[in-house]
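Keep the sequence and the 3D view side by side. The paragraphs below move from strands and helices to cores and then to charged pairs.

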Amino acid sequence: MSTPSPTLPAPPAVSSEWALFLDVDGTLLDFADVPGDVLVDPGLIDVLAVLHGRLDGALALVSGRRLAQLDALFAPLKLPAVGLHGLERREDGHQERHPRPVALDTAVAWGQALAQRYPGARVEDKGTTIALHWRAAPDAEDLLRQYADSILIELPGYHLQYGNMVVELRPDGAHKGSAVVDLLAHPPFHGRRPVFVGDDLTDEHAFQAVGSHGGFGVLVGSRQPSAARYGLHDPAAVRAWLEEGLSLA
């Protein structure tokens, strides 16, 4: 049975009338020191496939990862998805991408040189965004935060987005909440009650978005404050809750 969050009540059982939006890292999957090292249980892929069908296609992954990474992780599934916190989006097979500014090449090179001072620190080039990770090197946090602040001057139209032991430099004007709202305007999501499940600060925009459209958020973990109405303890609890949802009518 799924385990509720220490701070919020457990969510209701998955309903066939929902539009279900799922964050990936820290929500569906347990964190790894290196993002590429996360493990996906084949059983989870089977659960997502069945739920996608029972929701008439109204199930989407909403992640900071690129769409190509999501497809590789959850193969052979190719679900509706939002990548790079809203900068990539795929629905009904149509995929959209945000262009990459030239200045990112220099920003990545400088960042990687700094990260080499701390084994385990990483600068991830996502094409349109840069993510600076210190999960495996906590002592690198101050340096990477300072670097992110300084390089932002060279990237007009960008802002800093902090997450769980990571900071990302990303373009203004798009986030998970706006992406969810865009999806809700189109089939198969339109007209359904939206539910977003996520763990990080980057998911708060989505919690607010679904709340303003008659739905609710489910927070994974104990982080507070949050706009989520319900909570689950950890990714294992999320996976159990989704599996329990296979019995929905």
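**A walk through the predicted fold**

This is a predicted model, in which local features need pLDDT of at least 70, side-chain atom pairs count only at pLDDT 80 or more, and totals for chains, interfaces and linings use all residues. Residues are numbered from 1 along each chain as its sequence is written, and side-chain values use heavy atoms, with hydrogens and water left out.

Helices (H or I, at least four residues) and strands (E, at least two) are DSSP runs, numbered from the N terminus. Is β11 enclosed or open to the outside? Five of its five residues are buried, so β11 is largely enclosed by the rest of the structure. Buried means under 20% relative accessible area, exposed means over 50%, and partly exposed lies in between (1.4 Å probe, protein chains only). Phe216, Val218 and Val220 point one way from β11. Gly217 and Leu219 point the other way.

Which strands flank β11? Strand β10 runs parallel to β11, joined by four bridges. Two strands pair if DSSP finds at least two bridges between them. Phe196 stands opposite Gly217 here.

Turn next to a sheet of another kind. It is open and has four strands, in the order β6-β7-β9-β8, with antiparallel pairing. β6 (122-125) and β8 (158-163) stand at the edges with a single partner strand each, so one side of each is left without a neighbour in the sheet. Neighbouring strands are turned by 20° against each other on average, direction ignored. Within the sheet, β7 (residues 130-133) and β9 (residues 166-171) pair over four antiparallel bridges. His133 has Val166 in β9 as its bridge partner. Helix α3 (residues 103-115) lies across β6, β7 and β8, and runs at about 160° to β6. Axes are lines fitted to C-alpha atoms, for helices over the stretch in contact, and angles run from 0 to 180 degrees between N-to-C directions.

Next, the nonpolar cores. In soluble globular proteins, nonpolar side chains tend to be buried together. A nonpolar core is a set of buried Ala, Val, Leu, Ile, Met, Phe, Trp, Tyr and Cys residues joined through side-chain atoms within 4.5 Å. The largest has 53 residues, and Leu20, Phe21, Leu28, Phe74 and Leu242 touch the most other members. What does Leu242 contact, leaving aside its neighbours within four places in sequence? The list is Leu20, Leu22, Leu28, Val47, Leu48 and Leu51, where contact means heavy atoms within 4.5 Å. A second, separate core of 22 residues includes Val108, Trp134, Leu144 and Leu155.

Finish with the charged pairs. The structure holds eleven salt bridges, each a side-chain nitrogen of Lys or Arg within 4 Å of a carboxyl oxygen of Asp or Glu. One of them joins Asp56 and Arg192 (3.3 Å, N to O). Asp56 lies in the loop between α1 (42-54) and β2 (59-62), and Arg192 in the loop between α5 (176-184) and β10 (193-198), so the pair ties together parts that are 136 residues apart in sequence. Asp56 is exposed at 56% relative accessibility, whereas Arg192 is buried at 17%.

Arg89 and Asp182 form another salt bridge (3.6 Å, N to O). This pair also links distant parts of the chain: Arg89 is in strand β4 (residues 88-91) and Asp182 in helix α5, 93 residues apart. Arg89 is buried, at 14% relative accessible area. Asp182 is partly exposed, at 34%.

Glu141 and Arg145 meet at 2.8 Å, N to O. They sit four residues apart in helix α4 (residues 141-151), and so are separated by about one helical turn. Glu141 is partly exposed at 27%, and Arg145 is partly exposed at 29%. Lastly, salt bridges link Asp23, Lys176 and Asp203 in a network.
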